[in-house]
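Here are my notes on this one, as numbered points. Have the model open while you read.

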Amino acid sequence: MGLRILLALVATFMIGYIVKPQFYSRSRTSNPASSSCSCDCDCNEDFSLSLPLGLVNSSYADCGNSDPEIQKEMEKDIVALLSEEIGLQRRVANDSLEQSKALVMDARRSSMHYQREAEKCNSQTEICEEARERAEAQLVDEFKVSELWEKRARELGWEEDRTST
């Protein structure tokens, strides 16, 4: 029950909030002295767009007519406005394209740098692998020579002293 009363009060205040500017503007336009005044209204577009179409306040229609910049914009025809919009979109697209091209060029430079570094690492790895293979071959040759010397030494009477080790 209390929720229904609260909702009814909120609805009443909302209707009063929307309808009150209409009554205010009617009483104001009926006075001839007030019709010659400059527009001092609060031109909040968000508010005027949020009203239902049947309840749009007519006092907002002539708001801004005294401003020459707004009058100049309002006098432009639809073709000029669309041309201007297309031009703006073209500039935005060109800016985005230039930024994308710059990012692609940076990515290419980075890629080339890393590719050169990878090639250096690969060549150094190949050099090290070749050196390891040569050292391994030399070690095998050294074992063969050591084995040959040990064999000759035994033939000449050399015996390994196992007590000292």
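1. The term here means a side-chain nitrogen of Lys or Arg within 4 Å of a carboxyl oxygen of Asp or Glu. The two residues are four apart in helix α5, so Arg132 and Glu136 are separated by about one helical turn. An α-helix has 3.6 residues a turn, so residues three or four places apart point the same way. Arg132 is partly exposed at 42% relative accessible area, and Glu136 is partly exposed too, at 43%. The cut-offs: buried is under 20% relative accessible area, exposed is over 50%, and partly exposed is in between, with a 1.4 Å probe and protein chains only.

2. Before going further, a caveat: this is a predicted model, where local features need pLDDT of at least 70 and side-chain atom pairs count only at pLDDT 80 or more, while totals for chains, interfaces and linings use all residues. Residues are numbered from 1 along each chain as its sequence is written, and side-chain values use heavy atoms, with hydrogens and water left out.

3. How many salt bridges are there by this rule? The count comes to five. One of them joins Arg154 to Glu150, with the closest N and O atoms 2.7 Å apart. Both sit in helix α5, four residues apart, so about one helical turn separates them. Salt bridges that share partners also link Glu129, Arg132 and Glu136 into one network.

4. Another salt bridge pairs the side chains of Asp106 and Arg109, at 2.9 Å from N to O. Here the spacing is three residues in helix α5 (residues 78-155), which again means about one helical turn between Asp106 and Arg109. Asp106 is partly exposed, with a relative accessible area of 38%, whereas Arg109 is exposed at 53%.

5. Now the helix itself. α5 has 78 residues and reaches 114 Å from its first C-alpha to its last, close to the 116 Å expected at 1.5 Å a residue. That expected span is 1.5 Å times one less than the number of residues. After α5 comes Gly157, with a positive phi near 105°.

6. Stepping back to the whole chain: the secondary structure comes to five helices and zero strands, in the order α-α-α-α-α along the sequence. Helices are DSSP runs of H or I with at least four residues, strands are runs of E with at least two, and numbering goes from the N terminus. Of the 165 residues in the chain, 5% are buried. The chain exposes about 14,900 Å², and carbon and sulfur atoms supply 59% of that; accessible areas come from the Shrake-Rupley method with a 1.4 Å probe, and for residues only the protein chains shown count as cover.

7. Which residues make the nonpolar surface patch of about 510 Å²? Leu3, Leu6, Leu7, Val10 and Met14 do. Patches use residues with over 30% relative accessible area and no salt bridge; nonpolar side chains (Val, Leu, Ile, Met, Phe, Trp, Tyr) are joined within 5 Å, like charges within 9 Å. Leu6 is in helix α1 (residues 2-29) and is partly exposed, at 48% relative accessible area.

8. Last, the rings. Arg152 lies over the face of Trp149, 5.7 Å from the ring centre. For that call, NZ of Lys or CZ of Arg must be within 6 Å of the ring centre and within 35 degrees of the ring normal.
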